[in-house]
Amino acid sequence: MYAFDVTRPKTVADAVAALAGEDAQALGGGQTLIPTLKQRLASPAVLVSLSAIDEIKGVCQDGNVLSIGGGTTHATVAAEAGAYPALAALAANIGDPAVRSRGTIGGSLANNDPSACYPSAALASNATIVTNNREIAADDYFQGLFTTALNEGEIITGVKFPIPQAANYQKFVQPASRFSLVGVFVAKYADGVRVAVTGASENGVFRWSEAEAALSASFSAAALEGLTASADGLINDLHGDAEYRAHLIKVMTKRAVAAAK
Amino acid sequence: MTKISMTVNGRQVTGDVEGRTLLVDFLRENLRLTGTHVGCDTSQCGACTVHVNGLQVKSCTMFAVEADGAEVGTVEGQQNADGSLSTLQAAFQEHHGLQCGFCTPGMIMAASSLLKVNPKPTEAEIRHHLEGNICRCTGYHNIVKAIMAASGQDVSKIAAE
């Protein structure tokens with residue numbers, strides 16, 4: 001790693017101030033960023049660790065909305081997001097136990113890895129991404145490979161998930177990395193069904209609108225029978241070609257619908 | 001350099017570290033606690049697993065300054081007070097849960113973290129919990145068996161007799 005300083009502010013305000021410095025970079029749980037630094041693929045002057053900021057940690061329910069602080073670890077979401085069981089189950093299967101002890105929901109969403117789990121939950125739930133100065137709808141937030149609506153120095157302080165009537169996440173695990181080769185999050189709300197796919201597209205998480213329409217009309221795996229997910233723009237690599245991933249999208253969506261509760 | 005202090009295996013320690021100093025390097029180089037191993041240095045293998053404030057972490061994927069003020073547990077702190085092997089360590093020995101032994105510190109720390117929250121895990125739960133710990137010798141069967149035995153369960157029917 002190149003040399004850098006690490007600061008540990010205790011408030012969001014202090015973190016925002018620190019991030020205004022030249023070549024400053026936010027550090028969440030570090031489970032992606034630290035390996036990146038080791039490979040010398042990033043060279044910040046200062047890392048602003050968000051792990052000492054208590055005001056962005058924790059899970060709380062307010063009516064039909066589950067709010068999760070941006071600095072909340074996957075392990076905490078797995079243990080405390082019982083009001084949204086599909087979300088808690090997703091968190092419980094990210095990476096491995098050590099990754100879940102450190103990795104945070106804000107860090108995952110800010111990084112927007114095309115194979116990460118959380119982006120699918122946020123997009124399928126039409127969650128609201130809350131930052132230090134605004135709120136962003138999930139539909140506007142995800143903008144492509146490792147690209148989001150966040151500005152330089154902007155911190156995710158929380159995520160607000162509307163709790164669905166039924167939901168489920170199915171991940172076809174890439175066994176070496178524990179990321180999703182294809183992951184599908186299905187969430188059923190009073191006004192319709194949303195289906196978000198991760199791991200598959202070269203542009204990151206996306207909604208499968210044909211499946212959403214079919215499932216909104218009839219919420220059953222059978223409603224998906226006539227559909228085929230398009231292989232256009234899907235990831236083609238040694239772990240699976242685009243046609244294989246397209247096939248998996250349908251299989252995982254059907255499984256998610258069958259298991260949704 | 002930043003001055004940090006933490007409790008490691010119940011002992012108060014201090015040291016001066018750079019921002020980029022990893023927790024594993026602080027443990028091994030500054031404190032000479034070389035039981036914690038660096039296997040891959042890419043956050044895959046889990047040989048460097050330690051406990052920070054009771055939680056299992058990969059010490060190669062956390063900066064030492066982030067552990068400032070924390071309680072850290074390493075494999076050197078796992079033995080009984082009289083220096084004898086813990087129940088878990090003894091079970092690894094009894095059931096041949098290691099061959100070369102390089103992954104063993106991480107396996108012990110991961111397993112003890114599991115048994116704290118789940119005193120009688122099933123074989124499937126153990127395998128799920130060990131997903132971040134790689135062993136290239138054993139094929140895992142005897143590691144799983146040792147952990148089941150350490151939790152007081154009958155292992156006579158577990159694979160790899």
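Biologist: Is A:Arg102 buried or exposed, and what is its relative accessible area?

Modeller: This is a predicted model, in which local features need pLDDT of at least 70 and side-chain atom pairs count only at pLDDT 80 or more, while totals for chains, interfaces and linings use all residues. Side-chain values use heavy atoms, without hydrogens and water. Buried means under 20% relative accessible area, exposed over 50% and partly exposed in between (1.4 Å probe, protein chains only). A:Arg102 is therefore buried, its relative accessible area being 14%.

Biologist: Which residue forms a salt bridge with A:Arg102?

Modeller: A salt bridge here is a side-chain nitrogen of Lys or Arg within 4 Å of a carboxyl oxygen of Asp or Glu. The closest N and O atoms of the pair are 3.1 Å apart, and the partner of A:Arg102 is B:Glu66.

Biologist: What separates B:Arg127 and B:Glu123 along helix 4 of chain B?

Modeller: Their side chains meet in a salt bridge at 3.2 Å, N to O. B:Arg127 is partly exposed at 31% relative accessibility, and B:Glu123 is partly exposed at 27%. Because they lie 4 residues apart in helix 4 (residues 123-129), the separation of B:Arg127 and B:Glu123 is about one helical turn.

Key. Residues are numbered from 1 along each chain as its sequence is written. Chains are lettered from A and ligands numbered from 1 in the order in which they are written. Helices (H or I, at least four residues) and strands (E, at least two) are DSSP runs, numbered from the N terminus.
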